[in-house]
Amino acid sequence: MPIVTFLPHRIILPKGGQFFACPGETILDVGLRNHIQLEHACEKSCACSTCHCIVRKGFSSLSGWSEQEDDILDKAWGLESHSRLSCQAIIGLVDIEVEIPLYNINHW
């Protein structure tokens with residue numbers, strides 16, 4: 001089982017955390033299952049950018065992204081080359097490391 005490492009976030013997860021994931025789960029599903037209060041205003045429908053995350057390790061092991069995700073990501077605060085919507089990024093077999101940005105479109 002792959003491990004998702006959430007890097008420390010000053011508000012949501014001050015100490016960070018490591019959690020097992022099932023291949024085929026999204027980053028958001030892993031976070032919510034482990035009681036991490038990740039914002040997801042559109043309820044996982046790829047219609048907002050509030051669940052934006054940055055994948056610091058294991059980016060290439062995630063599912064590919066759609067044109068719709070790419071369009072929505074353009075609205076994300078602090079967009080980087082390894083940014084994904086956590087509701088759309090499906091975990092494969094490799095451990096990943098995720099950073100939750102301090103701000104999102106609903107909280108700045």
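Predicted model: local features only at pLDDT ≥ 70, side-chain atom pairs only at ≥ 80, totals over all residues.

Colleague: Why is the contact between K44 and D29 called a salt bridge?

Modeller: The closest N and O atoms of K44 and D29 are 2.8 Å apart. The cut-off is 4 Å between a side-chain nitrogen of Lys or Arg and a carboxyl oxygen of Asp or Glu, so the pair qualifies. K44 sits in the loop between α1 and β3, whereas D29 is in helix α1, 15 residues apart.

Colleague: What makes K44 and D29 partly exposed?

Modeller: The label covers values between 20% and 50% relative accessible area. K44 has 38%, so K44 is partly exposed. D29 has 25%, and therefore gets that label too.

Colleague: How do you know that E97 and K57 form a salt bridge?

Modeller: Their N to O distance is 3.9 Å. The rule asks for within 4 Å, so the pair counts. E97 belongs to strand β5 and K57 to strand β3, 40 residues apart. By this rule the structure has 6 salt bridges.

Colleague: What makes R56, E80 and E99 a network?

Modeller: These residues are linked by salt bridges. For E80 and R56, the closest N and O atoms are 2.8 Å apart. Because E80 lies in the loop between α2 and β4 and R56 in strand β3, that pair ties together parts 24 residues apart in sequence. E80, at 36% relative accessibility, is partly exposed, and R56, at 38%, is partly exposed as well.

Colleague: Why is the aromatic pair of F59 and W65 called tilted?

Modeller: The ring centres of F59 and W65 are 5.8 Å apart, and the limit for a pair is 6.5 Å. The angle between the planes is 50 degrees. Under 30 would be stacked and over 60 edge-to-face, so 50 degrees falls to tilted. The structure holds 2 aromatic pairs.

Colleague: What makes E67, D70, D71 and D74 a negative patch?

Modeller: Asp and Glu count as negative, so E67, D70, D71 and D74 carry like charges. D71 is part of helix α2.

Methods
Residues numbered from 1 in each chain as written. Heavy atoms only, no water. Patch = residues over 30% accessible without salt bridge, like charges linked within 9 Å, V, L, I, M, F, W, Y side chains within 5 Å. Areas by Shrake-Rupley, 256 points an atom, 1.4 Å probe, with all protein chains shown as cover. Charge placed at Lys NZ, Arg CZ, Asp CG, Glu CD. Helix = DSSP H or I, 4+ residues; strand = E, 2+ residues; numbered from the N terminus. Phe/Tyr/Trp six-rings, centres within 6.5 Å; stacked < 30°, edge-to-face > 60°. Buried < 20%, exposed > 50% of the residue type's maximum accessible area, 1.4 Å probe, protein only.
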